[in-house]
Each structure stands twice: as C-alpha cells, then as structure tokens.
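Please have the coordinates open while reading.

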Amino acid sequence: MNYEKHALRLTNTYPAIEDLRRKAKKRLPFVAWEYLESGTGDEKAVDRNREGLDKITFIPQFMKGEMSFNIETELFGRKYSAPFGVAPVGLTGLMWPKAEQMLARMAARNKIPFSLSTVATQIPEDVGPEVGDMGWFQLYPPESNELRDKLIKRAKENNFHTLIITADVPVPSRRERTKRAGMKMPPKITPYFIWQGITHPWWSLATLAAGLPRLRTVESYSPSKDLATVADFVRFKFRGNLTWDYIKEVRDMWDGPIILKGILHPEDAEEALKVGMDGIGVSNHGGRQFNGVPAAIDVLPEIVRTVNGRAKVIFDSGIRSGLDIIRALSLGADFTLLGRPFLYGVGALGEIGGDHVTAILKDDLTNNMGQMGIKDLQEITQSIEVPT
C-alpha cells in the first residue's frame with residue numbers, strides 16, 4: 001500500500017502517536033497489548049520516563065524571518081533522514097504478524113535505521129533483504145561464545161551494519177502485568193484465547209497466514225523447536241551478567257559501529273569507551289526491566305558530560321513525539337530510538353503504520369523547531385529551561 005495516497009486522511013484521523021495507540025489497542029488481543037504496554041512492578045519507572053521528559057521546556061525566540069528546516073543526521077558515517085530510528089523489540093510478531101518485515105521496508109523507504117532483536121519473531125535472512133542499508137542488529141549476548149559468533153556472523157551476512165549490545169538485563173524482569181494477562185510461552189489455547197482471536201479478526205487472520213509467533217532466530221540453536229523448549233533455552237542460555245571482557249571480545253569481532261545499550265551510570269559509560277564502544281545507549285529499557293530506575297532522560301546530561309564527544313550518545317525510553325526527540329537532543333543526545341510507537345503504528349494500520357509514525361515524528365519535530373525559532377538540529381541545545 002502506498003502511504004502517500006493516504007497521508008492526508010491519516011494525518012487528519014491519527015494526528016498523534018496517542019491516536020495510533022488507541023487504535024492499536026482495539027485491534028490487538030489483550031495479551032499482545034499487555035506485553036507491548038507493560039513495565040514491571042507497579043510501573044512507576046514508565047511514569048518517571050514520561051514525567052522526566054515533560055518537565056523539559058524551552059524559551060522560544062521569534063523574528064527569525066523565513067525558515068526552512070534540516071533534520072538530516074549523520075551517525076557513524078551514514079546519513080539518515082531524521083535523528084530517530086526503530087528500537088529493537090522482542091517478540092515483535094506477537095503485536096502484529098511479520099511486523100519486522102513491515103518496519104524494515106518502512107525504514108528503507110524513509111532512510112531511518114531499523115533494529116532487529118535477537119528475540120524477534122523473524123530471522124535476519126528474511127528481514128535483511130527488506131531493510132536495505134538501514135539495518136541494525138541487537139544482540140542479547142548468549143553464554144556460548146560459539147552461539148554468539150554464529151549470531152554475529154548471521155547479522156553481518158544479512159545487511160546489518162551496526163550492532164547493539166543490550167546490557168541492562170542482568171536477570172529476567174518479572175513483568176507482573178503480562179503474567180496477569182496470561183502471557184505464556186508457548187501460548188496456551190484456552191476458551192479465552194479463542195475468544196480473543198474471534199474478537200480481533202484482523203490480527204487472527206494475519207497470524208493464521210504467518211503462523212504463531214516463534215523466536216525464529218534462536219530456535220535453530222535450541223535442542224528442540226518446541227516453543228516451551230525454545231523459551232527455556234533463551235531464559236537459561238542467554239547470559240545476563242555481562243563482563244567488560246565479553247564486550248571487548250565482541251568489539252574485536254565486529255568491524256562496524258557498536259552501541260552498548262542500557263547505560264545509566266557514568267562509570268559504565270567510561271568503561272564502555274575504554275573497550276571501544278562507538279555509541280553509548282542511554283536507556284532504562286522503557287521501564288520494563290527495573291522499577292527502581294531513574295527516568296532515562298534525567299541521567300542523560302551526566303552521561304553526555306562523561307562521554308564528552310568521544311562516542312555518540314543514543315537515547316531511548318519514553319519518546320512519544322517530535323518534541324520529546326528535541327528534548328533528548330537538547331540534553332546532548334546525538335540520536336534517538338523509539339520502540340512502542342512504531343508497534344502502535346503497525347498494530348493500528350499494518351504495512352503503512354510505520355510510515356505514518358515517521359511522518360508524525362518528522363512533522364512534529366520540524367513544527368516545534370519552528371516554534372522555538374531554530375532551523376537546524378545543531379541549534380537545539382540553546383534556550384533550554386528545566387524547571388526545578
């Protein structure tokens with residue numbers, strides 16, 4: 001489907017990410033929605049991300065004359081059309097079947113990066129050809145060096161040029177909300193599950209065509225392709241407690257840029273620089289991992305000061321608008337990633353949903369730049385006011 005043919009109608013019907021969120025909630029089965037939306041504990045970390053972003057305000061300046069806006073961004077020697085991309089999301093196909101391919105094609109069309117998770121439901125061999133030269137690969141590091149090397153090799157061979165190592169999962173999160181919703185691997189076919197399928201026909205039809213969500217990338221290394229066995233394999237064979245030596249080994253293997261994602265402490269940022277990381281990913285996992293963590297935006301300035309230009313700083317956690325992107329850039333981030341909003345788009349609109357999310361973010365980004373009186377991303381660090 002050509003997005004341009006529908007752009008005006010979609011802009012009027014779904015002018016904000018929140019509109020797509022509400023539409024997606026209606027189209028997704030309850031368990032899929034709860035998996036996408038949930039944090040952990042009582043989800044105060046999710047709330048803090050929103051509160052931390054909202055407290056950042058700007059003092060606009062006017063009388064700037066005719067304005068045109070440049071939001072192109074260079075990162076690791078590559079040019080992107082905007083300072084944001086698609087964050088890695090596990091079990092992506094649970095939210096919408098083959099969402100990975102949809103978002104990969106969207107990223108190629110829009111010239112923004114798409115990050116494929118190790119625990120996505122589609123494999124690098126199928127997603128890589130769709131993403132063109134916009135592919136990033138996220139590594140949940142396995143215990144086995146042999147398995148690690150195989151995953152990295154597959155990413156290299158399938159168009160993924162930037163590697164993200166996720167560091168902030170030392171132990172699995174409890175995710176109480178998803179448990180209450182009945183989230184199990186493998187899914188248990190109950191009368192309620194069947195009812196959810198009947199009452200969400202578009203998701204069900206797409207799932208019937210694509211097959212039930214499976215962790216296809218890692219299942220080939222599991223003792224069995226049985227979903228319960230694969231889930232246990234991921235739980236017990238993918239290490240949480242990383243070491244700096246492990247990170248250094250990956251650095252020695254990968255000849256492209258590496259981002260270490262989940263950094264919140266300045267000492268970790270400093271150590272990451274010592275082992276050769278090209279990017280420092282400031283993130284609290286969207287509030288999904290540790291409920292006692294600060295808002296990611298609150299620790300961003302100190303990480304930026306520590307890095308001091310020696311690597312790129314990539315921010316995620318809580319971004320829902322172009323204004324939020326400006327907030328992160330104003331505090332020193334070089335680039336931003338969004339996960340849930342792109343899944344809202346696909347859940348609401350299917351193939352063109354990611355295009356509409358990108359259009360919303362770009363328009364909101366440039367509109368707010370105009371309101372602030374700035375024409376270029378480099379000017380964003382001026383005129384910031386953070387209320388105390």
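The model is predicted, so local features need pLDDT of at least 70 and side-chain atom pairs count only at pLDDT 80 or more, while totals for chains, interfaces and linings use all residues. Residues are numbered from 1 along each chain as its sequence is written, and side-chain values use heavy atoms, with hydrogens and water left out.

**Packing of H8 and H14**

- Helix H8 (residues 145-157) and helix H14 (residues 244-253) have axes that come within 11 Å and cross at roughly 40 degrees (axes are lines fitted to C-alpha atoms over the stretch in contact, with angles from 0 to 180 degrees between N-to-C directions; helices are DSSP runs of H or I with at least four residues, strands runs of E with at least two).
- The H8 side of the contact (heavy atoms within 4.5 Å) consists of Asn 145, Arg 148, Asp 149, Ile 152 and Lys 156, which meet Tyr 246, Glu 249, Val 250 and Met 253 in H14.

**Buried face of H13**

- In helix H13 (residues 227-237), Leu 227, Val 230, Ala 231, Phe 233 and Val 234 are buried (under 20% relative accessible area, 1.4 Å probe, protein chains only).
- The buried residues of H13 line one face of the helix, because they fall within an arc of 155 degrees seen down its axis (taken from the directions from the axis to the C-beta atoms).
- The cover over these buried residues includes H8 and helix H12 (216-219).

**Phe 335**

- Phe 335 lies in strand S11 (residues 335-338).
- Phe 335 counts as buried because its relative accessibility is 0%.
- Between Phe 335 and Val 171 there are 27 Å in space, C-alpha to C-alpha, and the two are 164 residues apart in sequence.

Conventions: Buried < 20%, exposed > 50% of the residue type's maximum accessible area, 1.4 Å probe, protein only.
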